[in-house]
Amino acid sequence: MNKKSKNAIFYAIIVSLSALALISLILIVGFILIKGLPGITTEFLSQSPSKMGKEGGILPIIIGTLYVTLVALVIATPIGVAAAIYFNEYSKDTRSVRMIRFFTEVLAGIPSIIFGLFGFAFFVVFMGLGWSVLSGGLTLTIMILPTLIRATEESLKTVPMSYREGSLSLGATKWQTIVKVILPCCKSGVLTGLILGMGRAIGETAAVMLTIGGSMRMAESLLDPTRTMALHLYMLASEGISEEKTYATAALLIIIVLIINTIANEISRRMIKLS
Amino acid sequence: MEIRENEEKKFDIKGLDLYYGKFQALEKIDMDIYANKITALIGPSGCGKSTFLRTLNRMNDLIPGVTIEGDIRFDDENIYEKDYDVINLRKKVGMVFQKANPFPKTIYENIVYGPRVHGEKNKEILDHIVERTLKEVALWEEVKDRLNKSALGLSGGQQQRLCIARCLAVEPEVILMDEPTSALDPVATSKIEGLLGELALKYTIVIVTHNMQQAGRVSDNTAFFLSGKVLEVDNTAQMFSNPRNSKTEDYITGRFG
């Protein structure tokens, strides 16, 4: 076979494989949207569910989803950023640091139901937080930390050494250098980590199933039980409650993830433009 | 070396050894650096001149595995003493790097960074520092209308002058320059060289350079480094016209380097 036809064949393979990836994505999203969009009515968005979710809307569940995700992000961000700073700026490459790093990576690959089980044993039972927004949020915090630490660390690594030298040579302390020079360069990296973490948190079912309780009432405090959209979707589908509501919930979940990603991308783009 | 009884010593270096792990990068360096003079450090690549420069503001502290022996006295205090205040040292001994390294901030923010980390908050004083230092490096006229634009939009030569201004903003006594013009074109280079003479009226300057003509043009004293040792330190005119060491002569006249 000559070079030219080899080239053409490889090109054809690459194109068809990427088309396959794209088509399956479009099929899934399209299928869900076509089946689900008719169910997204103002009533669906503004009312509480009734009859186990067979009727009514999902407003408390939308709020519960955002609530749990927000709790996870608010707790995870400072911890994750601090850990990344420690690994990248302070720790030397010792055995114990390599161990911690290794465990962080392992943590990222653990099935989420195991986080759920741990969250149930530790937050719900041992700490006595009960099935609540807080228990679910804390469980998701542990789950998204590795992603956040990783993304922040990667972006810390891209900050040129010359910025650190410039700052230190002016008599700035290491802390001042980190806060005033290095971190501002990492804003978009941290944000990327947050988006990835948020994507994971918002769509999580198993980890919250055992920790937030699944109540369909509006959560009024951090210690109230609630239900996330992904969990609601799982309940509706597995118990065959309502096909229409199941697809409507799925479609809404996709739309919300899409909106959050678009906003985050836009913020990230503006930040890069500014610096 | 000539006896300079009436000149003030800024740095007094005695028996300085520096090791990267087991590799000895500097060997038994003895040198005096005089106030308000420009001292050039010359020598081929890898001879230790940049390493030596970085011992003077303890920038080598950042590199793991560096050990230093011997004495570096700055204003009669050993800067490698255990409790020596490195922050204060770096405030007094500023540094300009080989590649201009402005922060990804505005021109204004770059200059006020140093004063701010040292606690200056007064807007009027900061404004004044910006104008004073930019005038000192002859950049004021070029940038006064875009102080709030990113420093990364400046040309290479302008960026390097901004870095010098940023260094001046903390009112150092000494400025260390590590091949400050090696990445610049001839026009930008000559602008910076022109500055050096004026800066030497107020500051003590130590400059590492690869460029013999530059050392000859701008410096008062020159130290010639080879393989981690100082082979010769002297008045620049003296060294360039009548080097004592044959290796110095070979290097200056371009027989190796």
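**Entry 1: polar pairs across the interface.** I started where chain B meets chain A and found six residue pairs in polar contact across that interface, both partners at pLDDT 80 or more. I'm keeping in mind that this is a predicted model.

On the chain B side, I looked up which elements touch chain A: α2 (86-92), β6 (93-96), α3 (107-117) and α6 (156-168) each bring at least two residues. Sorted by class, that side of chain B holds 13 nonpolar, four polar and five charged residues.

**Entry 2: salt bridges.** How many salt bridges does the rule find across the interface of chain B and chain A? I got one. E165(A) and R54(B) pair up through their side chains in a salt bridge, 3.1 Å from N to O.

**Entry 3: contacts and area.** I counted 22 residues of chain B in contact with 17 residues of chain A. Together the two chains bury about 1,700 Å², and 65% of that lies on carbon and sulfur atoms. I then checked who contributes on chain B: P104(B), Y113(B) and V117(B) give 29% of the area this chain buries against chain A, more than any other three residues.

**Entry 4: S112(A).** S112(A) sits in helix α5, residues 112-126. Is S112(A) buried or exposed? Its relative accessible area comes out at 17%, and the cut-off for buried is under 20%, so I call S112(A) buried.

Skipping neighbours within four places in sequence, I see S112(A) in contact with M143(A), E204(A), A206(A) and A207(A). With E204(A), I also noted a polar contact of 2.8 Å between the two side chains.

How values were computed:
Residues are numbered from 1 along each chain as its sequence is written. Chains are lettered from A and ligands numbered from 1 in the order in which they are written. This is a predicted model: local features need pLDDT of at least 70, side-chain atom pairs count only at pLDDT 80 or more; totals for chains, interfaces and linings use all residues. Side-chain values use heavy atoms; hydrogens and water are left out. Helices (H or I, at least four residues) and strands (E, at least two) are DSSP runs, numbered from the N terminus. Buried means under 20% relative accessible area, exposed over 50%, partly exposed in between (1.4 Å probe, protein chains only). A polar contact is a pair of N or O atoms within 3.5 Å; within protein, one must be able to donate a hydrogen and the other to accept it, and residues adjacent in sequence count only if both atoms are side-chain atoms. Contact means heavy atoms within 4.5 Å. Buried area is the accessible area (1.4 Å probe) that two parts lose on being put together, summed over both. A salt bridge is a side-chain nitrogen of Lys or Arg within 4 Å of a carboxyl oxygen of Asp or Glu. Ala, Val, Leu, Ile, Met, Phe, Trp, Tyr, Cys and Pro count as nonpolar, Asp, Glu, Lys and Arg as charged, and the others, Gly among them, as polar.
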